[in-house]
Amino acid sequence: MLISFDWLKQLIHTDKTADEVGSLLTGAGLEVEAIHNFEMVKGGLEGIVLGEVLTCERHPDADRLNITTVDIGAEEPSQIVCGAPNVAAGQRVVVATVNSTLHPTGGESFKIKKSKIRGAVSEGMICAEDEIGIGASHAGIMVLDTDLPNGTPAAEFFGLGSDKVFEIGLTPNRADAASHYGVARDLQALINTPAILPAVDDFKVDNTRKPIAVEVESTEACPRYAGVTISGLKVGPSPEWMQKHLRAIGLSPINNVVDVTNYVLHELGQPLHAFDADKIKGDKIIVKTVAEGTAFKTLDGVERKLKATDLMICDTEGPMAIGGVFGGEESGVTDETTSIFIESAYFSPDWVRKTGMAHGLKTDASFRFERGTDPNMVITALMRAALLVQEVAGGEVSSEIVDVYPDKIENREIKLSIERAHMLIGQHIGAERIKAILTDLDIKVTAETDEYLTLSVPPFKVDVTREADVVEEILRIYGFNNIEMDENLATTFLAKFPNPYAEDVTDVVLNYIAANGFNEIITNSITNSNYYKPAGEQEMAGLVQVVNYNSEDLDVMRKSMIFSGLEVLRRNINRRQRDLKLFELGKVYEQLDGQLSESRKLSLYMAGNVSSESWKQPSVKSSFHDLAGVVQNVLRKMNAGDFEVQQLEENSYMRQGISYMKNGTEIAKLGVLDAGVTKFMEVKEQVWYAELNWDYLLKKYKDKLVAEELPKFPEVRRDLSLVLDRNISFDQVKQIALRTERKLLQDVNVFDVYEGDKIEAGKKAYAVSFTLLDKQQTLTDKVIDSVMSRLMQQFEKQLGAFIRK
């Protein structure tokens, strides 16, 4: 947001510099990010003043030169050699003094120096309009008609002086400061000087020859709507002073009527709109919604399809403007307009925000309506605009002010505990200081006791709804820097943190993954619904829709981490970075049976080679086992304990994968992404993907480690060769073994797998080792043979295994 310092000083008197004011505003929460110089003409006419030609004589050595003496307000007149044919004694002129810099129209800048011209001393330059950059004429010097004293800066005479412009980073909660008067209201409390609301006492109704009736059908969307008609005006350029103020804050002047609405918007924070009154059919305005899909062309010439929730300003035949957002092309003010209807309203922030987002429209008006304007400023701004229109465009007020305001928006009442205010501030500043600050912020004290203040908070303070908000208002004006630090800092509340702290556990695991060559990525939780369409309607049904999305490419919350990661992979691969190991910890969102859920997932991606090309080792493509090793180590770090490995259930995104299950819950899954998915995402590499259920792992995490004494008795290993059906996994073998012998069996491991012509087709052979241990005694051959016999029986019974003995 841009604020003109010159404009601001019209609303509050201050002798402080722009830097001092900027520092005060920043301390009060209106962060001044920069202060810019603004000049209507280059150089701001600095060093150029008004003067009076006292004498004018022909130069003795040049026929076309004159030697003049000019009073420029200094102790002694200046002698200036001038070649203009129209220079003469007694003229009021514009003089560029010595050391000033001129920026002529269409030419290069040059500095005025004390010099000799044909032997005569010249201490300045009497200027034509093109020589100071305010026009194109070079017919002669400018001769002025003014009573201003000699030495007056020319910028003051021409109204073209430079200005300081504050660039304020306005936070969303400070809608009350989205105008020059709003900033002046804060400054009023900071420098104890009253802000001056522009006077509207001169407003009067000249006649009632052109009334416009108003009907508001949706008072929820438009709680207050007001307007007035002005006839007999002439559309044309705005005066220089208005153009200067608008240009200073980055606006281009359009015409005197539109410029007035923009001027009042940025002066008072109340958006206005001017309709050509002669184009209002039926002399009636109706504020309502229209049918879904109705075509409407806005001022920018774009035809838009309206939503059923768009609030429209209509006449008796159809829409004329989108309420609070944008005007219509057909009802706007043109050069031929002679009568206007000025609209001033309070629109619901929710309605305006929804419409602006739906159509991708952001205007100065919608910016303010979305955050909340002041319903009490509606009429004041309307009268201010009417007076300005009459000043710059003429005309007569041709109707009474129509004001539809069925349910008045009342001030909020908040009870403030003085003791609690001091506690939250952290310092005793006194009840009188508190009351003075609140009064300066236009928050009235309606009742008080020794312990409490009853406050009436005006509706323009949209973010002040509770006691803590009032304390924040007090503190930002009192000054955070004025709060003294106690030598013995203490707190009345200490948050309880879980042990172990989840973020510490997360950091340990993520650091481990990074140490294994993975790079962390952070991607957007909002994604494109088109990514999920190939998976079918069921997958689409579970998506969480973004109601007011900015882009069709970002219209849903992600249901899976796959696609956001593939976007990163695609970008890197397209830039010839093909050996990639990435990970991300983020949230996914899903809708099931009307219920919304969100959960955190840890995702890992591998593509290309395991490591970059090197002379020490050949390049090897990433494989299932490379990623599985990392996943299993992460599960160990999370103390996941024993888990069951199952073949990954068929899904639309992954192939050749497995699931890690614990107590019926999938704690992790990994596999290769389906080639159709990677092709759809334009990723030209095979991608291995793993996803861990981070919320579950954190919930079940225990940081207690149990240490055991090393066994005194030796362990025993026995091997078996099992010939099984090809579809039987090793995990099935392992689970049967562990269920069969719970006491002595310590470990089951497969150390060879064979498929080939030496065994029956459709079969494979596992070479499996079994580690047995009795912690109480040495195992005997009899016990070992008994265990192995039971294991072989169960393999034959449950898996149909052929055991090579």
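Thr261 touches Leu272 and Ala274 when residues up to four places away in sequence are not counted; a contact here means heavy atoms within 4.5 Å. Thr261 sits in helix H6, residues 256–268. Helices (H or I, at least four residues) and strands (E, at least two) are DSSP runs, numbered from the N terminus. The model is a predicted one, in which local features need pLDDT of at least 70 and side-chain atom pairs count only at pLDDT 80 or more, while totals for chains, interfaces and linings use all residues. Residues are numbered from 1 along each chain as its sequence is written, and side-chain values use heavy atoms, with hydrogens and water left out.

Buried means under 20% relative accessible area, exposed means over 50%, and partly exposed lies in between (1.4 Å probe, protein chains only).

| Residue | Relative accessible area | Class |
|---|---|---|
| Thr261 | 9% | buried |
| Ser659 | 4% | buried |
| Arg58 | 53% | exposed |
| His13 | 53% | exposed |

Arg58 belongs to strand S3, residues 48–58. Leaving out residues up to four places away in sequence, Arg58 touches Asp63, Arg64, Leu65 and Asn66. A polar atom of the Arg58 side chain lies 2.8 Å from the backbone oxygen of Asp63. Val81 is 23 residues from Arg58 along the chain, and their C-alpha atoms are separated by 9.6 Å.

His13 is in the loop between helix H1 (5–11) and helix H2 (18–27). With residues up to four places away in sequence not counted, His13 touches Ile191 and Thr193. Ala274, one of the residues touched by Thr261, is 261 residues from His13 in sequence and 31 Å from His13 in space, C-alpha to C-alpha.

**Helix H4**

Ile191, touched by His13, is one of the buried residues of H4. Helix H4 covers residues 180–191, and at 1.5 Å a residue its 12 residues should span 16 Å; the end C-alpha atoms are 16 Å apart, which agrees. The expected span is 1.5 Å times one less than the number of residues in the helix. H4 is mostly covered, with 11 of its 12 residues buried. Among them are His180, Arg185, Asp186 and Gln188, along with Val183 and Leu187. After H4 comes Asn192, which has a positive phi, near 55 degrees.

Ser659 is part of strand S35, residues 654–662. Its side chain makes a polar contact of 2.7 Å with the side chain of Glu666. A polar contact is a pair of N or O atoms within 3.5 Å; within protein, one must be able to donate a hydrogen and the other to accept it, and residues adjacent in sequence count only if both atoms are side-chain atoms. Apart from its neighbours within four places in sequence, Ser659 is in contact with residues including Val645, Leu648, Ala668 and Lys669.

The largest pocket has a volume of about 1500 Å³. Of the 44 residues that line this pocket, the closest to its centre are Gln632, Val645, Ile658, Phe730 and Asp731. Elements that each supply at least two lining residues include helix H16 (624–637), strand S34 (644–647), S35 and helix H19 (730–740). The lining divides into 18 nonpolar, 14 polar and 12 charged residues. Ala, Val, Leu, Ile, Met, Phe, Trp, Tyr, Cys and Pro count as nonpolar, Asp, Glu, Lys and Arg as charged, and the others, Gly among them, as polar. On a 1 Å grid over the protein atoms alone, a pocket is an open set of points where a 1.4 Å probe fits, with protein on both sides within 12 Å along at least five of seven lines, and lining residues have an atom within 4 Å of a point. The volume is the space filled by probe spheres set on the points.
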